[in-house]
Amino acid sequence: MVGVIMQKPYLCSFTDSSYVGDTLQLKSAKYRIAYNCHLTDNKNQLTGEFVMNGKYYHLEMSRGNYAVYRPQEPKKPYPYYSEDVVFFNKNDSTRLAGTLTIPDKKGEFPAVVLIGGSYPTNRNGESNHHKMFLVLADYLTRNGIAVLRYDARGVNKSSGNFHESTPADFAKDVISGYHYLAERKEINRKAIGLIGHSEGGLVASIAGSLCHEIDFIVLLASPGIMLKEIFLSQLEQNHKSLETSKENYEFWRKFYELCYLSIEQGKETKAIKDTLNRLREEYLNLQPKPDFIDYAIFSFYEILNMSASPHNQFCITCNPSYYLEKVICPVLSLNGNKDFMVEARINQDAIRKALIEGGNKDFELSVLDRLNHSFQECRTGSIREYGVIEQTFSPRALNDISDWILKHAKKAICKL
């Protein structure tokens, strides 16, 4: 939901919803926000009170007429079989709901599991008015590859809590998806692999290090260096591209550096939050600029909870190379030269080094020209472009992924 609070746009996420009479209640106890509203008679507007940290703001929301053109997004009926499925991670009884697309109900096909990044997204990988995983799954399935994509923990029909889980937990979700595919009669169990985007590449690497039955892995804009270094680089890049103030950037950099230091020192979650709360109070007392203070007050509690979450604590201390060195199956690693979220050169170099040190001799790394973090053909690579670009996924990258998978699936089948 996007609302206007204090004359500035903010993104708010609600985790619970219920009806009381004719009133819709949306809330997130964790982030101390709620929206109590009702639908107007003309059915075109929600009106009610937005609650944040005990303060009330009148908020009206209308149906938008903003249409986006996404030429690659497939439309039903699809020329292949599609089925909504459920599988379970038996390690912690997590229910994963997703969609399996198969070229045809007759035959045995190579297959992949799609793995999303650092934010809880649905099975279509929806972000910035794009459905990255829907487009990728459609292309692969049309080219003879079955695809399993699923809602992240805590999203839609999947159980669990994303931020209370770690990439190690997600890797076990992926392995559960692998075993689910291996039991399907339409899937050739000798050719089942993974495709992980961004942090999903780390998850794929962890899964590959744990389950040597996995036949191949495709890494898309995947981290190769310590994740804390990537996060600080992203912060600096966002500061430059979004033209935020120097004070804003310096505050958040110090905030995250203190957070990372506390995590590395093994502090408990409460101690981490106490440290960051003190920093917030000290800094806000010195800042006379209302715009920055409004932003910090609104966003701080959500950022604080995410920063000290088990998910983030795992990531800060994680070195992807540790897992990549244990991956023995073939690997394709792709990145764009305009990716400012996971910079191509330094991360691809680290991935190459880790695979070589682990003795993996079957891998291919490629940096594609003019592609951003979402594998869109772009002008600058700025995150501001993502939603404006009509293209969802570069045809060049789609073709490279499909060709490589089919080649290695054929090798895997013939080998066994």
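Predicted model: local features only at pLDDT ≥ 70, side-chain atom pairs only at ≥ 80, totals over all residues.
**Two helices**

Helix H2 spans residues 167–182, and helix H3 spans residues 199–210. Their axes come within 8 Å and cross at roughly 65 degrees. Angles of 65 to 115 degrees count as roughly perpendicular, so H2 and H3 are roughly perpendicular to each other. The crossing of H2 and H3 is right-handed. H2 brings Pro167, Ala168, Phe170, Ala171, Val174 and Ile175 to the contact. H3 brings Glu199, Leu202, Val203, Ile206, Ala207 and Leu210. By class, the contact has 11 nonpolar residues, 1 charged residue and no polar ones.

**Aromatic pairs**

The structure holds 8 aromatic pairs. Two of them are set out here.

| Pair | Centre to centre | Angle between planes | Kind |
|---|---|---|---|
| Phe87 and Tyr150 | 5.4 Å | 85 degrees | edge-to-face |
| Phe216 and Trp404 | 6.1 Å | 75 degrees | edge-to-face |

The pair of Phe87 and Tyr150 links distant parts of the chain. Phe87 lies in strand S8 (residues 81–89), and Tyr150 lies in strand S13 (residues 146–150). They are 63 residues apart. Both Phe87 and Tyr150 are buried. Ring pairs also link Phe87, Tyr150 and Tyr180 into a cluster.

The pair of Phe216 and Trp404 links distant parts of the chain as well. Phe216 sits in strand S15 (residues 216–220), and Trp404 sits in helix H11 (residues 395–415). These two are 188 residues apart. Buried means under 20% relative accessible area. Phe216 has 0% relative accessibility, so Phe216 counts as buried. Trp404 has a relative accessible area of 5%, so Trp404 is buried too.

Notes. Residues numbered from 1 in each chain as written. Heavy atoms only, no water. Axes fitted to C-alpha atoms, helices over the stretch in contact; angles between N-to-C directions. Helix = DSSP H or I, 4+ residues; strand = E, 2+ residues; numbered from the N terminus. Parallel < 35°, antiparallel > 145°, perpendicular 65-115°, else oblique. Left-handed = near helix turned anticlockwise from the far one by under 90°. Contact = heavy atoms within 4.5 Å. Nonpolar A, V, L, I, M, F, W, Y, C, P; charged D, E, K, R; others polar. Phe/Tyr/Trp six-rings, centres within 6.5 Å; stacked < 30°, edge-to-face > 60°. Buried < 20%, exposed > 50% of the residue type's maximum accessible area, 1.4 Å probe, protein only.
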